[in-house]
There are 2 protein chains.
Amino acid sequence: MNAADALLKTLVDNGLEVVFANPGTSEMHLVAAIDHYPQIRPVLGLFEGVVTGAADGYARMSGKAAANLLHLGPGLGNGFANIHNAKKARSPMINIVGDHATYHLKYDAPLTSDLDGLAKSSSDWVERVKSPDELAEGGSRAWQAAHNFPGKIATLIVPADCAWNETDKTGEILNSKGPEDFDDALLKEAYKVLTDKSKSMLFLGGEFLDEESLNMATKIATKTGARLATETFRKRQRRGQGIPVVEPLPYFAEMAEEFLAGTESIVFIGSKPPVSFFAYPDKRSYLSPENSKLVQLATFEQDGKKALQSLCEMLEAREISKELLPSTTVEAPLTGELDPSHVGSLIGELLPEEAIVSDEAATSGFAVYPNTWNSKPHDWLSLTGGSIGQGLPLATGAAIACPDRPVVCLHGDGGAMYTVQSIWTQARENLNVTNIIFSNRSYAILKIELERVGALQTGDRAQSLFSLENPEINWTSLGKSLGAESFTTLTIEDFRRVFSSAVKEPGPSLIEVRF
Amino acid sequence: MNAADALLKTLVDNGLEVVFANPGTSEMHLVAAIDHYPQIRPVLGLFEGVVTGAADGYARMSGKAAANLLHLGPGLGNGFANIHNAKKARSPMINIVGDHATYHLKYDAPLTSDLDGLAKSSSDWVERVKSPDELAEGGSRAWQAAHNFPGKIATLIVPADCAWNETDKTGEILNSKGPEDFDDALLKEAYKVLTDKSKSMLFLGGEFLDEESLNMATKIATKTGARLATETFRKRQRRGQGIPVVEPLPYFAEMAEEFLAGTESIVFIGSKPPVSFFAYPDKRSYLSPENSKLVQLATFEQDGKKALQSLCEMLEAREISKELLPSTTVEAPLTGELDPSHVGSLIGELLPEEAIVSDEAATSGFAVYPNTWNSKPHDWLSLTGGSIGQGLPLATGAAIACPDRPVVCLHGDGGAMYTVQSIWTQARENLNVTNIIFSNRSYAILKIELERVGALQTGDRAQSLFSLENPEINWTSLGKSLGAESFTTLTIEDFRRVFSSAVKEPGPSLIEVRF
């Protein structure tokens, strides 16, 4: 067989099921090999930011890597921002980047670039394949590297001749590293601050926002009176009726400091001491109160679940206080004109069971999150790396991973324009994604930030860089052009009807909420 | 003043007129400073690939750099592919990339990435500013580096506090390097091969496809019988009535080898020996005939114009043969159904005087180029780095540089989807760009390449990765959603009417040509 076949056989043996792709000439033999493995679902994205963002969504929901098939340096470059977001989520991801044939590279053909430098700057693990015999083994190592707990970005650079030439070497199944052990001394320290009557907080993140971890953390909180909190942007959080409420740290630093004010000790599990998203003149970078005691019991790579179990046992924590479960939701209004706060309570009411929410609503979505604590049980995915243009692809990949679950994507208009091509893939793959576009025709967050950084004296020309007003994007026309049933809603009745139907139907829809 | 102001003052003193931008919080003070300099036109792109591609188009038409305002690593990453294309075009470009404040970087906030590594992999020149006093001087050096002949990619990394703090230091105007001298021995060698009765070729590229260079080259060809040729993808080529015809090397290697067959010597000016765009099993990388004599008289960085002048003088070459000027164009049909070959002759007839053509039509555009030799004089810009998604932003930037000239963008549908957000910027800036979208609903070139690489046994699943058929993109709906008058043309009469009107009117239009 040729080496491309050997690579795909090896990856399939390891568990590969989905290839997100925008291939070119240098990946042709890899494309051809896909047809020999019915286990693989190939999914085309019309831009590489869709490909890498979808792979992240797929990984967050399936727990394993897809393979992204990318075309030389520019293909990887186009995928950079959503690889960055995936890296911050610690999602497992494999990028297979085709390159010029080994002997062709020196001629500096037009598509030649510093691919190795780019790969290093974007990935946790990089390997350049040197011969067809090495390709499949490189695939084994890439799979292994991607699945080292909790997940890494592995990039395999594949010169075209290393894929098209014959080989008899396939790769093995190599074990990935599981979660590392935490330090027992820190467990004792955590026990101490949780029981010493200080105002303590249990701060969860990373992998430890699943129902089991949340329940354990809530037992600890019930027993000790510790507050529960989590990261501003979470990889995946289980939420809804009967599931403990763990509030994220607010985005803006002042609000985050207020949220943390008075806290005397914080135990971190699967997270680290929170820092300001950006620096601001004359403001601190660390957000936790200055003299608070910080115990990093389990890092992102360590066994946070075992840490929670151990604490539960040491504390004999077995009960969950009802006060830590969601309380009754604000009732959604039945009629009238729609405004953003209504969207929150409406989605709170209408969110279907086992929905997956991909949240990049930015300023407009602040009303949705608090209103969905008492919705039917669901998973919530957020913008982990801060690079806008993740929400639509993330929703796309999550829907590929979970074909039986409805996906709801909450998106600001500015960010949605970054990777709007995602809607086409949702249509092609007939994915049940309901995309809510909050159309305020501005990068609203930047208008807020402009004041916060103290750069106040701006005029129209500077302000124009935050405005999406001229021209107004026609979202229903845009959504339709890419194959999604599209609506713009002006009343509460409209929204209720359109949303309820959209989450039930196969295929994507787009609902513009204007304000 | 703050350092952001000092930087912009310095850049304006150097000649800066346009900032293409998609800024964020870390660039706020730079945004605010724009308002203090009425000399600067700020242009918003809804995705960074639009920003960097537009800067390339602006540079090709204005001869100087714009400044791109980009948001940390992911912002630069999103711009990577069109920076790559600009680098291959050797266009001057300045990227000003905001970063976290110097003291904030160590906290690994969500938007932190290996920005320095990414900048190195994408740029010819990189500098990280260390203090507010250094910022403006860094700007001077960036301007200088970007304008070293013929043009470089300069990236200045600006931590937020190095922009917001006060300084009294502005930067100077530093001279950039002009074209380097060529080697006199090579001039003698070039003279020899052009006069020794061998079948010789004069191969022009880079900066030397302007009218003056083309005329000199054609005088040499008239005198010596040398053939004229140029690169497959040109930064900017002057063409049209009365302007010498210099044929580009065909894209596909077999056709390129046929084009060059029998050539015994090639003199390169502003270019280098051509190589195959990709490697293919059992095919050569170099395209020139194996025993041909290659004389690299002037490299990209050298003074090709002086080389042409010197050759003209040595050869006493003063006449231009009429045979080397465009011959009468094929007449465009008047009525009937439109097919791609008609579009060629129709644009040939209708292209307005001093049009700028941005060409990323790929397989569909092959009929337009040969039909426009005898159009009214115009400039032709092509996809220099092979990374698709350049055509629309390039057209956008060219229109910013030349507000009085009509711009025509020829684009394949696959590539157009990469940076379709460009149309919004064209609408916002009221740019006279006529976008022709050749809609064949496939990555047609990849279907051809699949055969050429010998990877023949593919089935439906692999083939689906080259198809844009499901769902079909509705281009008129898409164009309208982003603010462009949009049409889909089915007859020759329609096309003639719509195109003629579009190139005269301000603001963008989109014409879908389906086949």
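**View 1. Domains 2 and 3 of chain A.** The C-alpha centres of domain 2 of chain A and domain 3 of chain A lie 29 Å apart. This is a predicted model: local features need pLDDT of at least 70, side-chain atom pairs count only at pLDDT 80 or more, and totals for chains, interfaces and linings use all residues. Residues are numbered from 1 along each chain as its sequence is written, while chains are lettered from A and ligands numbered from 1 in the order in which they are written. Where the two domains touch, domain 2 of chain A supplies 14 residues and domain 3 of chain A supplies 17 residues. Contact here is defined by C-beta atoms, placed from the backbone, that lie within 7 Å. On the side of domain 2 of chain A there are six nonpolar, three polar and five charged residues. Ala, Val, Leu, Ile, Met, Phe, Trp, Tyr, Cys and Pro count as nonpolar, Asp, Glu, Lys and Arg as charged, and the others, Gly among them, as polar. The domains of chain A are domain 1 (3–164), domain 2 (184–324) and domain 3 (340–514). Their bounds come from an automatic or database domain assignment.

**View 2. Chain A as a whole.** Chain A holds 20 helices and 18 strands. Helices (H or I, at least four residues) and strands (E, at least two) are DSSP runs, numbered from the N terminus. The C-alpha atoms of chain A fill a box of roughly 65 × 60 × 50 Å along the principal axes. Of the 515 residues in chain A, 63% are buried. Buried means 20 or more other C-beta atoms within 10 Å of a residue's own, exposed means 12 or fewer, and partly exposed lies in between; the C-beta atoms are placed from the backbone.

**View 3. Where chain A meets chain B.** A rotation of 180 degrees with 0.0 Å of shift along its axis superposes chain B on chain A, with an RMSD of 0.0 Å. The two copies are thus related as by a two-fold rotation axis. The superposition is by least squares on the C-alpha atoms of residues with pLDDT of at least 70 in both copies. The contact takes 80 residues from chain B and 80 residues from chain A. Helix H4 (residues 72–89) of chain B gives the most to the chain B side, with eight residues. That side divides into 42 nonpolar, 29 polar and nine charged residues. The copies meet through the same surface, because 100% of the interface residues of chain B are also interface residues in chain A.

**View 4. The largest nonpolar core.** This core has 339 residues. Such a core is a set of buried Ala, Val, Leu, Ile, Met, Phe, Trp, Tyr and Cys residues joined through C-beta atoms within 7 Å. Val267(A), Ala398(A), Val267(B) and Ala398(B) have the most contacts inside it. Beyond four places in sequence, Val267(A) touches residues including Ala190(A), Leu202(A), Phe203(A) and Leu297(A). In chain B, helix H14 (residues 391–401) has eleven of its eleven residues buried. Among them are Leu392(B), Ala398(B) and Ile400(B). In soluble globular proteins, nonpolar side chains tend to be buried together.

View 5. Trp125(B) is in strand S5 (residues 125–128) of chain B. Ala154(B) lies in strand S6 (residues 153–159) of chain B. Trp125(B) counts as partly exposed, with 18 C-beta neighbours inside 10 Å. Ala154(B) has 27 such neighbours and counts as buried. Not counting residues up to four places away in sequence, Trp125(B) touches Ala145(B), Lys152(B), Ala154(B) and Thr155(B).

**View 6. Glu360(A) in its strand.** Glu360(A) is in strand S13 (residues 355–360) of chain A. With 29 C-beta neighbours inside 10 Å, Glu360(A) counts as buried. Its contacts beyond four places in sequence include Leu383(A), Ile388(A), Leu410(A) and His411(A).

**View 7. Backbone details in the loops.** Most residues other than glycine have a negative phi, and most peptide bonds are trans. The peptide bond from Asn470(A) to Pro471(A) is cis, with omega near -5 degrees. Pro471(A) sits in the loop between helix H18 (460–463) and helix H19 (475–481) of chain A. A cis bond also joins Asn470(B) and Pro471(B), with omega about 0 degrees. Arg90(B), not a glycine, has a positive phi of about 60 degrees. Arg90(B) is buried, with 24 C-beta neighbours inside 10 Å. Glu316(B) has a positive phi too, near 50 degrees. Glu316(B) is exposed, with 9 other C-beta atoms within 10 Å.
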